[in-house]
Amino acid sequence: MKRRTFVKTASVSSLACALPPVFPNLSLSDYSIEELMGKANIELYGEGINLRKEACDSFLEMKKAAFTDGFDIKMVSSFRDFYRQEGIWERKYLRFTEDDGMDSLDAIDKIIEYSTIPGTSRHHWGTDIDIIDGYPKVTGDVLVPEKFESGGPFEGFKLWMDENSEKFGFYLVYTNEPKRRGFKYEPWHYSYAPLSIPMLTAYRKLNILKMLQKEEFLGSEHFTTGFVRSYIQDNILDINPKLL
Ligand SMILES: [Zn+2]
């Protein structure tokens, strides 16, 4: 009897020794700076989905439910790392300053109507998606608000999402609330709240100003303290209050 107890205890403790070390910045309620800025190699799930596991599972459930109701949810964009966002930013910066001859600060204001500063995108987190309905025939850009409004090809789909997305944990981020500042209305951009709320909480604890001042992409030399403060206030935090 004594011996059995000993064997059992011994095997449990040797199993504990075999577990990988726990990194203090990777616990469930906390996220590393690299992860929050899109610079970490995070595990992504789902072919053509590329979300964190829990968000991917819930997305598939929502897709199934939408399909039953006659909509074919198509992913336009999901996870995007820092370097891809940097590419988007610099392409727009060059287009506005060199091709269109805009002043640097005006170009930055124009970019942040729809695009984020690299390192500040919710798409870095593996929780956010841009989606459309794959069924209707559509010409031109798909991510324009009019296509989701009355008479547009995604009108029915948007109404379905209004009714159902929150049941699956997906919330609209940039709503059409008239008093909201920051990014314009994006009826296609949803966030998986059970993961993105704690990630935003962790993100808010970072020194975003210091983080951005260390970066060296085109235009970043024009980021003043005042600019970054109002960007955080308007573009990062003035979102659907259910996501705060
Ligand atoms: Zn988006």
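Guide: Start with burial. A residue is buried if 20 or more other C-beta atoms lie within 10 Å of its own, exposed if 12 or fewer, and partly exposed in between, with C-beta atoms placed from the backbone. The buried residues of α7 are A193, L195, S196, M199, L200 and Y203. Seen down the axis of α7, these fall within an arc of 155 degrees, so they line one face of the helix. The arc is that of the directions from the helix axis to the C-beta atoms.

Visitor: What kind of model is this, and how are residues numbered?

Guide: This is a predicted model: local features need pLDDT of at least 70, side-chain atom pairs count only at pLDDT 80 or more, and totals for chains, interfaces and linings use all residues. Residues are numbered from 1 along each chain as its sequence is written.

Visitor: What is the mean pLDDT of the protein chain?

Guide: pLDDT is the predictor's confidence in each residue, from 0 to 100. The chain's mean is 90, and 88% of its residues reach 70 or more. Two residues are in contact if their C-beta atoms, placed from the backbone, lie within 7 Å.

Visitor: How do the span of α7 and its expected value compare?

Guide: Helices (H or I, at least four residues) and strands (E, at least two) are DSSP runs, numbered from the N terminus. The expected span is 1.5 Å times one less than the number of residues. Helix α7, residues 193-204, has 12 residues and reaches 16 Å from first C-alpha to last, close to the 16 Å expected.

Visitor: What do the buried residues of α7 pack against?

Guide: They pack against α2 (33-36), α3 (53-68), β2 (128-133), β3 (170-172) and β4 (189-192).

Visitor: What makes a nonpolar core, and which residues have the most contacts inside the largest one?

Guide: A nonpolar core is a set of buried Ala, Val, Leu, Ile, Met, Phe, Trp, Tyr and Cys residues joined through C-beta atoms within 7 Å. The largest has 31 residues, and I131, F170, Y190 and M199 have the most contacts inside it. Its largest share, 5 residues, comes from α7. Apart from it lies another core of 11 residues, including Y93, A107, I117 and Y231.

Visitor: Why is β2 called largely enclosed?

Guide: 5 of its 6 residues are buried, so β2 is largely enclosed by the rest of the structure.

Visitor: How many bridges join β2 to β4?

Guide: Two strands pair if DSSP finds at least two bridges between them. β2 and β4 have 3 and run antiparallel. D130 stands opposite H189 in β4. β1 (residues 73-77) pairs with β2 over 4 bridges, also antiparallel. In β2, I73 has D133 as its bridge partner. β3 joins β4 through 3 bridges, again antiparallel. There F170 stands opposite Y192.

Visitor: What makes both faces of β4 count as covered?

Guide: H189 and S191 on one side, and Y190 and Y192 on the other, are all buried.

Visitor: How do you know whether K147 is buried or exposed?

Guide: Count its neighbours. K147 has 22 C-beta neighbours inside 10 Å, so K147 counts as buried. This residue sits in the loop between β2 and α6. Leaving aside neighbours within four places in sequence, K147 contacts V138, V142, G152, P153 and F154.
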